[in-house]
Amino acid sequence: MHELSIAQSIVDLAVSEARKHPALAIKTIKIRLGEFTSVVREALELAFDAVALGTLAAAATLEIEVVPLATQCFNCRLSFCPAQGFCFLCTRCGAPVEIVAGTEMQVEYIELFDRQEVS
Ligand SMILES: [Zn+2]
C-alpha cells in the first residue's frame, strides 16, 4: 500500500519542519494531490492518521487539494483538460499531448501552532 509510504514522508517532512520551532506543534498540512496519480485520497487520509499518531502531527489536519489533470498539445500547444477517459490526443489537431498538471503530490504548506494554546 503505497499511500502509507507517502503519508510517512508527508509526516516526516512536517515533523522535521516543526522541530525547527520548539514551541510548536503541527496544526494543518496542506498538500496538492494530482487527479492523475494512483494515490487514493481516502487511503492516504487513513494512512496519515495512523502515521501521525504519537508525532508532532498527531493533532494535525491533512488538507488535500485535488489538482485536475491538464494537458498541452506538443504540436499546436493547445492546453486543455481531457474531459473523460484520459484521451491523450489534441482535441484540435490530433497530435499527442503532454501532461502539464494532475500528477503532483506535494506539500504546499504546513501550519504550526503554539502548544501553549492547547492544554
Ligand atoms: Zn494540437
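Colleague: What do buried, exposed and partly exposed stand for?

Modeller: Buried means under 20% relative accessible area, exposed means over 50%, and partly exposed lies in between (1.4 Å probe, protein chains only). Take Arg 77. Its relative accessible area is 39%, so Arg 77 is partly exposed. This is a predicted model, where local features need pLDDT of at least 70, side-chain atom pairs count only at pLDDT 80 or more, and totals for chains, interfaces and linings use all residues. Residues are numbered from 1 along each chain as its sequence is written, and side-chain values use heavy atoms, with hydrogens and water left out.

Colleague: Where does Arg 77 lie?

Modeller: Arg 77 sits in the loop between S3 and S4. Helices (H or I, at least four residues) and strands (E, at least two) are DSSP runs, numbered from the N terminus. Arg 77 is not a glycine, yet it has a positive phi of about 65°.

Colleague: Which strands make up the open sheet, and in what order?

Modeller: Strands of a sheet pair through backbone hydrogen bonds, either parallel or antiparallel. Two strands count as paired if DSSP finds at least two bridges between them. Here the open sheet has 3 strands in the order S4-S3-S5, and the pairing is antiparallel. Strand S4 (79-80) and strand S5 (97-101) are at the edges with a single partner strand each, so one side of each has no neighbour in the sheet. S3 (residues 70-73) and S4 are joined by 2 bridges. Gln 72 is opposite Ser 79 in S4.

Colleague: Is Ala 101 buried or exposed?

Modeller: Ala 101 is in strand S5. Its relative accessibility is 19%, so Ala 101 counts as buried. Contact means heavy atoms within 4.5 Å. Leaving out residues up to four places away in sequence, Ala 101 touches Val 67, Pro 68, Leu 69 and Ala 70.

Colleague: How many residues does the largest nonpolar core have?

Modeller: In soluble globular proteins, nonpolar side chains tend to be buried together. A nonpolar core is a set of buried Ala, Val, Leu, Ile, Met, Phe, Trp, Tyr and Cys residues joined through side-chain atoms within 4.5 Å. The largest one here has 22 residues. Ile 10, Ile 26, Ile 29, Leu 44, Phe 48 and Ala 57 have the most contacts inside it.

Colleague: Which helices and strands each supply at least two residues of this core?

Modeller: Helix H1 (2-18), strand S1 (24-34), helix H2 (41-52) and strand S2 (61-67) do. H1 gives the most, with 7 residues. A second, separate core has 6 residues, including Phe 80 and Val 97.
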